[in-house]
Structure formats: structure tokens, C-alpha cells
Amino acid sequence: MRITNGIIASCILGMISAADQHEEMRCKARPGCHLAKCEPGPLSPSLNVNEYPVTCVRTSAQDWEEYKELKSEMRIMRTDLTSYASRISSLENENKKTTAEMEALKTKLLKSEQSNKALLKELNALGIKTNDLESHLAEPNTALLRSCEDVQLESALARNDSGCVFKLDIPEVGITNVFCDVTDDGGNWTVFQRRMNGDVNFSRGWDDYVKGFGDLQGDHWLGLEALHQMTKTGNMEMKIKMITKNGVYWVAKYSNFQIGPGSDKYRLTVSGYSGNASGAGLAYYNNQQFSTKDADHDSRSSLNCAINREGAWWYNSCAWSNLNGHFSKTGDKGFWWGSNSNLLRFSEMKIC
Ligand SMILES: [Ca+2]
């Protein structure tokens, strides 16, 4: 009987057992028998190995040689498999080590990135400080002055016949350009209101009057917050220069002028009048809050004085003066002082 490759394969697979080896050995002892049958029958500890029931299969010498050759290859493959398994185990260990090293590197990288961000932030802060210093050096004595009383003409940003534009550092407001009148009445006055040509619209809401608006060398309003910050310590004079529609010069000067905080709607405190201006002046508005067309803080409950008088002011109930009122280039109506019949063509309010 010629064994097939399938049988040989089965034998190879089973050849690892001691029983198979014994069977093969016994078969070899028999003449003409080259290969033991793969299944020798039940093993019994009581039997000597030579007494195992064995069925020998006669096969050709060629098949026997092929069988032995396959058996040899199988041993080699086993050795290879063992070697591969060892190699795989080694690679797995290396992989674990590499993974651990990568995790450590990731942690280092993360720390490094955080450190870089902090450094970048510091560098940016240093860059900003450097820019500030360079800016200050380029414009000496401009960024650290608190009021027009401290300014020097050579540090003016712009100038005209009556004064100059300077850069002041107003507390809580910051760097602000203001117009300083350096010619009038011996003092360096900070101008906070001017009407001279009607080029700037003064019919504005609360936010604009708080922040300020206009052209510093022309019509403008400096801003209620700046006024509060510059007058909150007291001892401030305030002067108003006016020119009537008929060309008469008026001056209204107050020895005490102070504007309250935003939380109190920039309430006016004013006293100590002197001057030649007609009418009741600012006394009527002493202790009044500021009102605009969108923020009614006046004493007239039946209407909004700012809308009714087309202005923004420390309205009482309502007004004897209205310097932020409508500017009429034709002169038919306008901003006025003391009475609405006293129309003006120029006004300038300033503190010192
Ligand atoms: Ca009202």
C-alpha cells in the first residue's frame, strides 16, 4: 500500500509523540517495513515498548525517502518558528521600549511648547514696552503729562494762533490728544468744548458725550469721563469765551468747577462766577446731572430737555444756556447763553 501525502502530513504532525517514535523504530526492525502506521493503538504502561501493537505499512523506498526529507524540513521549520517567536518577542520588547521613549519625548515636547509660549508672551510684552519707549523717545515730554499746565511748546503735535494739540496721559482714560490754549489769561487751559464753524454735529447720544468727539483744532467736545478725571481732585477754574451773533465778546469765568463720576451721570458742581456774559449763567445748572437725547437726567419730568432744546447739557428744567445746541450757519437759530434770544457764533469752554 502506497501512502499518500495526506497520510505523510498526518504522520509528520503526530511525530512529536514518543509513541510515534517507538512505532517507527519497531517498524524499521521489520524487513520491508519502512514506515509505521500513524495510529499505533492504545498505549498501555504495562506494555514494553517492543510489545505495542503496531501496524506496519509497506511503502516504496522513494516514499520513505520523501517522508524522511519532509520530516527533516519540519524540524528545520520548527527551529525557524522558535527563532521567529524569539525574534517577535524581542521586537515586542523593543516596541514597548520605543513607545515608552516616545511618550517621554511627547511629555518633554509638551513642556517645551508651554515654555515657548510663556517666553513668546514675555517677548511680546517686552516688544510692546520697547515700542512704547521708542514712541516716547520720538515724542519727548508728550505721553506722561497730566494736564495742559505741564506742557512745553516744543512738544506740541500741532498748533494754531491760540494754542497747541498735546498728548496727555489722563488718569483712567489713558493717552488722549487735547487742545491746550497757551495764550489766554496767562494759563495753559485745557479746552473741552469749542463751537466755531459748525462742521461737527453735536446732536449726539450719551456714549459720544462720554468719550468725546470732533476736531481738536475746530469744533469738539473732549468727553465727560476725561472732564471728570481732570477735575475730580478739585481746585479747577473754568472759563467760557463766547462771541455773540452780533460780534460781542463775552467771558464767563468760574473759580470752582468739578464734574462728578459716570455713576452720578457726570453731575456738575460750579460756583464763583465772574465775567461780563449776560444772563443767569451756569448757577442754574449747579448740582445737575448731564443729559443727552438718549439719556434724560434733567429735572423736567414731562419732557426730555436734550431733545426739546436740541442739545446735551446739565439741563435743569430746562435751560437758560445751551452751548451744545444746534449750530446754525444762517443764524436763524442756534446755541445760546443766558436766554434763547442770545444766539452765539462762537463758544469755547476750558479748565485750568
Ligand atoms: Ca426729563
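Strand β9 is mostly covered, with five of its seven residues buried. A residue counts as buried if 20 or more other C-beta atoms lie within 10 Å of its own, as exposed if 12 or fewer do, and as partly exposed in between, with C-beta atoms placed from the backbone. Helices (H or I, at least four residues) and strands (E, at least two) are DSSP runs, numbered from the N terminus. The structure is a predicted model, in which local features need pLDDT of at least 70 and side-chain atom pairs count only at pLDDT 80 or more, while totals for chains, interfaces and linings use all residues. Residues are numbered from 1 along each chain as its sequence is written.

Two residues are in contact if their C-beta atoms, placed from the backbone, lie within 7 Å. Among the contacts in the chain with a separation of 6 or more, 48% are between residues 24 or more positions apart.

Strand β9 covers residues 238-244 and pairs with β10 in the antiparallel sense over six bridges; two strands are said to pair if DSSP finds at least two bridges between them. Within this pairing, Lys 241 stands opposite Val 251 in β10, and the bridge partner of Met 242 is Trp 250, also in β10. The hairpin of β9 and β10 has four residues between the strands, and there Gly 247 takes a positive phi near 90°. Strand β9 is also joined to β14 by seven bridges, and these two strands run antiparallel. Here Ile 243 has Phe 346 in β14 as its bridge partner.

The arrangement continues from β10 to β11, which pair in the antiparallel sense over seven bridges. Asn 256 stands opposite Ser 271 in β11. The loop between β10 and β11 (268-275) holds Pro 261. Pro 261 counts as partly exposed because it has 14 C-beta neighbours inside 10 Å.

In soluble globular proteins, nonpolar side chains tend to be buried together.

Helix α5 (residues 224-231) is largely enclosed by the rest of the structure, because seven of its eight residues are buried. These buried residues are Leu 224, Glu 225, Ala 226, Leu 227, His 228, Met 230 and Thr 231. They pack against the strands β4 (163-170), β5 (174-181), β6 (189-195), β10 and β14 (344-351), and against helix α4 (206-211).

Some details of the backbone also deserve a look. Most residues other than glycine have a negative phi, and most peptide bonds are trans. Asn 287, which is not a glycine, has a positive phi of about 75°. This residue lies in the loop between β11 and α6, and Asn 287 counts as exposed because it has 11 C-beta neighbours inside 10 Å. Glu 310 likewise has a positive phi, near 55°, and is placed in the loop between α6 and β12. With 17 other C-beta atoms within 10 Å, Glu 310 is partly exposed. The loop between α6 (305-308) and β12 (321-322) also holds Cys 318, which is joined to Ser 317 by a cis peptide bond with omega about -5°.

Finally, there is the matter of confidence. The pLDDT, the predictor's confidence in each residue from 0 to 100, has a mean of 82 over the chain, and 76% of the residues reach 70 or more. Over residues 1-16 the pLDDT stays under 50, and the model has 21 contacts beyond four places in sequence for them. Residues 35-41 also have pLDDT below 50, with 25 contacts in the model beyond near neighbours in sequence. Where pLDDT is low, the predicted coordinates should not be read in detail.
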